[in-house]
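Visitor: Would you walk me through this one, please? I would like to start with the contacts and then look at the rings.

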Amino acid sequence: MEQNIIEKLINELTKLPGIGRKTAQRLAFFILTMSEEDAKGISKAISEVKEKARFCNECFNITENEVCDICSNTVRDRSKLCVVEEPCNILVIERSKCFNGLYHVLLGALSPIDGMTPEKLKIKELIRRVEKNSLQEIIIATNPNTKGEMTAQYIRDILKPYNIKVTRIAYGLPIGGDIEFADEVTLGKAIEGRREI
Amino acid sequence: MLHRTEGVVLRTFPFGEADLIVTYITPDLGILKLFAKSPRKIKSRFGSSLEPLTHSRIAFWGKENTPLPRLTQSDIIHSFQSVRNTLSRFLAVSEMLELTINFIPERDANKKSYFLLLNTLKAIEDNSLDNSSVIPLENENLFVSHFKIKFLKFAGFSPKLDACGRCGKNGNNFYISHGSILCETCARGIDYPIRISPAALKLYIDLLTWDISKIRRIKPSNMLLSELSNIINMHIKYILSKPLRCRDFFSFHVNDLTN
C-alpha cells in the first residue's frame, strides 16, 4: 500500500540523527504550516549540498569548488596546519576564532581493530603537503580519546624525519564543569598540563 | 532489570550522534555489548570510563534477552592509562583485545580469560612503570605471546606442540591444517610442515605452564620468541580464516619506525 505523503515525510525525517518518530512528526506538521518559499528553500539546499558538495583537493574539507575557502584565503597563516579527524571539526575550531592557519582533514582516526589503517586515512596527502610547503608547526587536533591519541602519535612518529614542530591540543576540564564530577584520567591530564598564571 | 558487574572495555563503536556501543569482557557474562547514551559529549558523566582497556564497575539496565542493554553507570577501577599512552604498547595490547573479541562468545561466562586479560594488562603496566626495564617492547611481546598461548588453551583452541597429535610420538614438524605436531609416520602425504626448534618448544611449554608473575624471569632471544610467535599467529590465522588486523598494523608500524 502506498504511504500517505505526511507519513512518507515523517519516515524520511526519522533518518536524520537525533530525530525520533515524535520529533519527526512535529517537524513534518511544522513544514506543512511553513510558506511554500521556505519549504522549497530547505528542499533546494538539501539537493544542492548533495549535488555540489565535494572534498577540497588540498585539505579534504567539504567544499563546492576544487579548493575550499580556507585553503584559497591568502590572508591565513600558511605556516601552521591543524590536523583534524572530520570536516565538522573545522567548523567548531573556526567558531573558536583562535586559529588562523590551514587545516588538513584525515577523514577518520586510526583503529586497527576496526580496520582503520593509515592507508585509509589522508596521511599520505598530509606528508605530501609537509614536503611541498614550508610549514613551521603542525597542530594535531584529533579527538581526545584512544583512537585520536593513537592517530596523533602515529603522525608524530611519521613526521619525525621532517624536523617540523608537532604539537597536540591540550587535555583538561571543560569550562563550566565541576572538578567534583571529573574522572581521574581527565583530571590527571589537566594537572599534568597545568600552566603558570 | 538492573544488573551490576565489572568489566574491561575491549572496543567502542560510534552510534548515532553522540552515542556509543561499548564491548566489555566481564567475568560473569563473557562478552557484553552495551548502549551508552551521549558519552561523546564533552560534559558526559561517563568521562573517560568508556575508553578501551578501562577496568570499571558497571551497571546496566535491560530485560534478560535484550540484545543491547543500556549502560547506566560506569566507575573506573583502573584506567590502564599508561598502557594507552604509548602507540606501540597499545598496538601490542590491541592484539589481545582483538583475540578476545573473536574467540569469546557473547553472554557466556569465561572467568579464566577475563582474569588472564586483566592480569596481563597489569603486568604490562607494571613493566612500563618499572624504570629498570630498558627494552619494554620486547617484554611486551613476551607478555602478549604468553597471553595468546594461555588464551587459546582457555578457549579450547590450543595447538598441540609437545607431541604428535595422532599417535603421541615425538616430532619436530608442525602442521597448520592439523593444529598439531605430527610424527614422520603420521605426516606421510601431508604437505607444508613448519619446523619447530626444541628451544621454541621449551619456551612454549614454559609460557603455557608459568604464571604471568613469573614470566619476566624468562629472557628468550628475539629470534626464539619470534619463531614461536609466528607459529601461534599462523595457527590463529588458520582458525579465524583471517589474520589479526592489529598484528599486521603493529608489524608495519614497528618496521616503519626501525627502518
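Guide: Happy to! A salt bridge here is a side-chain nitrogen of Lys or Arg within 4 Å of a carboxyl oxygen of Asp or Glu. Please keep in mind that this is a predicted model.

Visitor: Which side chains meet in a salt bridge at 2.4 Å, N to O?
Guide: The count between chain A and chain B is 1 salt bridge. An N to O distance of 2.4 Å is judged against a cut-off of 4 Å. The side chains that meet there are those of B:Arg11 and A:Asp114.

Visitor: How much area do chain A and chain B bury between them?
Guide: The contact draws on 26 residues from chain A and 31 residues from chain B. Of the area that chain A buries against chain B, 26% is supplied by A:Pro112, A:Ile113 and A:Thr146, more than by any other three residues. Carbon and sulfur atoms carry 62% of the total for the two chains, and that total is about 2,200 Å².

Visitor: Which element gives the largest share of the side of chain A that touches chain B?
Guide: Across this interface, 9 residue pairs are in polar contact. On the chain A side, α7 (146-159) and α8 (184-192) each supply at least two residues. By class, that side has 11 nonpolar, 8 polar and 7 charged residues. The largest share, 7 residues, comes from α7(A).

Visitor: Which residues are joined into one network by salt bridges that share partners?
Guide: A:Asp114 meets B:Arg11 in a salt bridge, and the side chains of A:Asp114 and A:Lys147 meet in a salt bridge at 3.6 Å, N to O. A:Asp114 lies in the loop between β4 (102-105) and α6 (123-132) of chain A and A:Lys147 in helix α7 of chain A, so this pair ties together parts 33 residues apart in sequence. The network is therefore made of salt bridges with shared partners, and its members are A:Asp114, A:Lys147 and B:Arg11.

Visitor: Is A:Glu149 buried or exposed?
Guide: A:Glu149 forms a salt bridge with A:Arg168, with the closest N and O atoms 3.2 Å apart. The pair links helix α7 of chain A to strand β6 (residues 165-168) of chain A, 19 residues apart. A:Arg168, at 25% relative accessibility, counts as partly exposed. The cut-off for buried is under 20%, and A:Glu149 has 15% relative accessibility, so A:Glu149 counts as buried.

Visitor: Now the rings: how is the pair of B:Phe103 and B:Phe157 classed?
Guide: A pair of aromatic rings is described by the distance of the centres and the angle of the planes. For B:Phe103 and B:Phe157 the centres are 5.2 Å apart and the planes stand at 65°. Planes over 60 degrees apart fall in one class, so the pair is edge-to-face.

Visitor: Which residues form one aromatic cluster?
Guide: The count comes to 6 aromatic pairs over all chains. One of them is B:Phe15 with B:Phe35, at 5.9 Å centre to centre and 90° between the planes. B:Phe103 counts as buried at 12% relative accessibility, whereas B:Phe157 counts as partly exposed at 36%. The cluster is made up of B:Phe103, B:Phe147, B:Phe151 and B:Phe157.

Conventions. Residues numbered from 1 in each chain as written. Chains lettered and ligands numbered in written order. Predicted model: local features only at pLDDT ≥ 70, side-chain atom pairs only at ≥ 80, totals over all residues. Heavy atoms only, no water. Contact = heavy atoms within 4.5 Å. Buried area = accessible area lost by both parts, 1.4 Å probe. Polar contact = N/O pair within 3.5 Å; in protein donor to acceptor, adjacent residues only side chain to side chain. Helix = DSSP H or I, 4+ residues; strand = E, 2+ residues; numbered from the N terminus. Nonpolar A, V, L, I, M, F, W, Y, C, P; charged D, E, K, R; others polar. Buried < 20%, exposed > 50% of the residue type's maximum accessible area, 1.4 Å probe, protein only. Phe/Tyr/Trp six-rings, centres within 6.5 Å; stacked < 30°, edge-to-face > 60°.
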